[in-house]
Amino acid sequence: MNAERLIAGKRVLVVGRAGMDLYPAPDGTRIEAATNFVSDVGGSAGNIAVALARQGCPAGLMTAFSDDAVGRFVLAQLNNYGVDTRYCKTTKGLERTSLALAETVDTAPSVVIYRNNAADLAITETDADAVELSGIGAVIVTGTSLSSDPSRSAVQRLIRRAKQAEVTVILDIDYRAQAWADAAKARSVTAATAALADVVVGNNEEFDFIADGEGRKHAVSLAEAGALVLYKMGEAGCDIITSEGRKSVGVFAVTALKPFGAGDAFLGGFVAAVAEGKDISDAVRRGAAAAAMVVSTRGCASAMPDSAALEAFMTQHN
């Protein structure tokens, strides 16, 4: 399909949040009982960019960081992972890079996110205009980047430019209620963005949200209009929905230590596989394998598998 042709062999730009994660150590420790923490990169866009880079797919990130130690930590770690940070900027105001504390436990893991006045939402239309689209095969937009201005306007401008340049636009719905001031606005903005995207990725709850309870029907309508829809259903797997019909791909059974990072690993693994020239079904299987690997260990960015580890996992697991 068209999305495969445009992504294959080119760089991918991810837009949205990247922050610092802290995990209580050792695994199994609750946040309130912790005396030691292990740091990592987190945030959907940051995780996806790292997942792509770890799979050998040239990946860049467009976001903003606060001018402080936390912002510098995340930027340095992204560079260490091989993520292209040329479109990352540093803010000079009171904005702050997101900070999250997350548990690696098998029963009701808790996550606490500090995200008031988030720095990543400070990207502007000027930043969007500075992106050189030649050589970019896809722009991945994470839904939280649409939650407020100036980031919303910047992302909308970048999408318009990408469409004009025939660059594939991928929307990860990534709906987080706490990120939006108004649910009705979140629904209308995200639905309008989904209508522009070449690939739309989300779980059944996210599709139900943007379609006011008619998620499956809406996903089919997006596919009939020409989009590739990846409709995630948790343990039930993922439906690949196109104008030609539906195909289901299952999950890899593992013992999960946490739910965080699975969607980011899935999307990164999927896009990296498409960029290698693999067909959509195989790419979804690789995304599912990457997701299984990430939920079965501590961390998000640091848990993203490289190509060799992913191949070994898929050989060993059905």
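Let's start with one residue. Cys-57 is buried, because its relative accessible area is 5%. Buried means under 20% relative accessible area, exposed means over 50%, and partly exposed is in between, using a 1.4 Å probe and protein chains only.

A word on the source. This is a predicted model, where local features need pLDDT of at least 70, side-chain atom pairs count only at pLDDT 80 or more, and totals for chains, interfaces and linings use all residues. Residues are numbered from 1 along each chain as its sequence is written, and side-chain values use heavy atoms, with hydrogens and water left out.

Back to the cysteines. How many disulfides does the structure hold? It holds 0. A disulfide here is a pair of cysteine sulfur atoms within 2.5 Å.

Now helix 2, residues 44-54. Helices are DSSP runs of H or I with at least four residues, strands are runs of E with at least two, and both are numbered from the N terminus. Helix 2 is mostly covered: 10 of its 11 residues are buried. Among them are Ser-44, Asn-47 and Leu-52. After the helix comes Gly-56, with a positive phi near 85°.

Stay with Leu-52. The largest nonpolar core has 60 residues, and Leu-52 and Phe-270 have the most contacts inside it. A nonpolar core is a set of buried Ala, Val, Leu, Ile, Met, Phe, Trp, Tyr and Cys residues joined through side-chain atoms within 4.5 Å. Helix 10, residues 280-295, gives the most to this core, with 11 residues. A second, separate core of 40 residues includes Ala-128 and Leu-158.

Next, the strands. Strands pair if DSSP finds at least two bridges between them. Strand 2 pairs with strand 3, residues 37-42, in the antiparallel sense over 6 bridges. With strand 6, residues 99-102, strand 2 pairs in the parallel sense over 3 bridges. Find Leu-22. Its bridge partner in strand 3 is Ser-39, and in strand 6 Leu-22 stands opposite Leu-101.

Last, the aromatic rings. How many aromatic pairs does a search of the whole structure find? It finds 3. Rings of Phe, Tyr and Trp (its six-membered ring) pair if their centres lie within 6.5 Å; planes under 30 degrees apart count as stacked, over 60 as edge-to-face, and the rest as tilted. Phe-207 and Tyr-231 are stacked, at 5.0 Å centre to centre and 20° between the planes. Phe-207 lies in helix 7 and Tyr-231 in strand 11, so the pair ties together parts that are 24 residues apart in sequence. Both Phe-207 and Tyr-231 are buried. Phe-252 and Phe-313 form a tilted pair, at 5.6 Å and 55°. Phe-252 counts as buried at 13% relative accessibility, and Phe-313 is buried at 8%.
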